Amino acid sequence: MSCEITYYNEETHPDQKYFLSHDCQHMLNDIHPALAEVVRRAQAISDVQIQVIHGKRTQTQQEEFYRKGVTQGAISPHSYGSAVDLLPVIEGRLCPEIEAMDEIAMCMKYASADLNTPIRWGGAWHCQNLSTYEGMVEDLQNWYLQHCVEEGIRPQLDTHHFELSIAE
């Protein structure tokens, strides 16, 4: 028996604005089912199209990302299928601008709260569970940046990254 929720489709939700592509759904099949469902729910409530740009990584992919300085370590939550990278698509173009990313982060926040699935967001690493933050993601990110400045450390902004959290 499958526990995957299958109600996000054009037949059952004709008023939903956007749906994940087959390629995105395929990438979600390789990540933790709870995180995949948060992404599906976020798309269902979002006013922008969501593109999954990375899900589970092979060790070879992770090592190459590390070698190029794209990631902080040779091991990542992506290696275990516990992380996903998302970008908005606006007018048919991937849109990495922060304002569009804020929309996805808010939808992921609401979706994770709806599904009782704690997640961390790469735009504010100090927050262990995005769904419990009571405010806008811009404020959360500003808080993170201020903390980094006060501590004299370089912020690690990865606003397209979402991962399962062990927060309770």
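**Exercise 1. Leaving aside its neighbours within four places in sequence, which residues is Ser-76 in contact with?**

Solution. The model used here and in the exercises below is predicted.

Step 1. Locate the residue: Ser-76 sits in the loop that runs between helix 3 (59-67) and strand 2 (83-90).

Step 2. Leave out the neighbours within four places in sequence; Ser-76 is then in contact with Arg-57 and Gln-62.

Step 3. Check the accessibility. The relative accessible area of Ser-76 is 6%, so this serine is buried.

Step 4. A polar atom of the Ser-76 side chain lies 3.0 Å from the backbone nitrogen of His-78.

**Exercise 2. Where is Ser-165 found, and is it buried or exposed?**

Solution. Step 1. Ser-165 belongs to the segment after strand 5 (161-164).

Step 1. With a relative accessible area of 11%, Ser-165 is buried.

Step 2. Not counting residues up to four places away in sequence, Ser-165 touches Pro-118, Ile-119, Arg-120 and Gln-128.

**Exercise 3. Compare the reach of helix 2 with its expected value, then describe how the helix packs.**

Solution. Step 1. Helix 2 covers residues 33-45, which is 13 residues.

Step 1. At 1.5 Å a residue, 18 Å is expected; the distance from the first C-alpha to the last is 19 Å, close to that value.

Step 2. List the buried positions. They are Leu-35, Ala-36, Glu-37, Val-38, Val-39, Arg-40, Ala-42, Gln-43 and Ala-44.

Step 3. Find what these buried residues pack against. The helical partners are helix 1 (22-28) and helix 4 (98-114). The strand partners are strand 1 (49-54), strand 2, strand 4 (119-121) and strand 5.

**Exercise 4. Which strands are joined to strand 5, and in what direction do they run?**

Solution. Step 1. Strand 2 is joined to strand 5 by three bridges, and the two run antiparallel.

Step 1. Strand 4 is also joined to strand 5 by three bridges, again antiparallel.

Step 2. Identify individual partners. Val-84 has Phe-162 in strand 5 as its bridge partner. Trp-121 also stands opposite Phe-162.

**Exercise 5. Which residues have the most contacts inside the largest nonpolar core?**

Solution. Step 1. The core has 32 residues, and those with the most contacts inside it are Leu-28, Val-39, Val-84, Leu-86, Met-108, Trp-121 and Phe-162.

Step 1. Assign the core to elements. Those that give two or more residues are helix 1, helix 2, strand 1, strand 2, helix 4, strand 4 and helix 5 (137-151). Helix 4 gives the most, with six residues.

Step 2. Take Trp-121 as an example. Leaving aside its neighbours within four places in sequence, Trp-121 is in contact with Ala-105, Leu-130, Val-137, Leu-140, Gln-141, Thr-159, His-161 and Phe-162.

**Exercise 6. How many residues apart in sequence are Gln-72 and Gln-156, and how far apart in space?**

Solution. Step 1. The pair is 84 residues apart in sequence and 9.2 Å apart in space, C-alpha to C-alpha.

Step 1. Gln-72 is in the loop between helix 3 and strand 2, and at 60% relative accessibility it counts as exposed.

Step 2. Not counting residues up to four places away in sequence, Gln-72 touches Tyr-66 and Gln-156.

Notes: Residues are numbered from 1 along each chain as its sequence is written. This is a predicted model: local features need pLDDT of at least 70, side-chain atom pairs count only at pLDDT 80 or more; totals for chains, interfaces and linings use all residues. Side-chain values use heavy atoms; hydrogens and water are left out. Helices (H or I, at least four residues) and strands (E, at least two) are DSSP runs, numbered from the N terminus. Buried means under 20% relative accessible area, exposed over 50%, partly exposed in between (1.4 Å probe, protein chains only). A polar contact is a pair of N or O atoms within 3.5 Å; within protein, one must be able to donate a hydrogen and the other to accept it, and residues adjacent in sequence count only if both atoms are side-chain atoms. Contact means heavy atoms within 4.5 Å. The expected span of a helix is 1.5 Å times one less than its number of residues. Two strands pair if DSSP finds at least two bridges between them. A nonpolar core is a set of buried Ala, Val, Leu, Ile, Met, Phe, Trp, Tyr and Cys residues joined through side-chain atoms within 4.5 Å.
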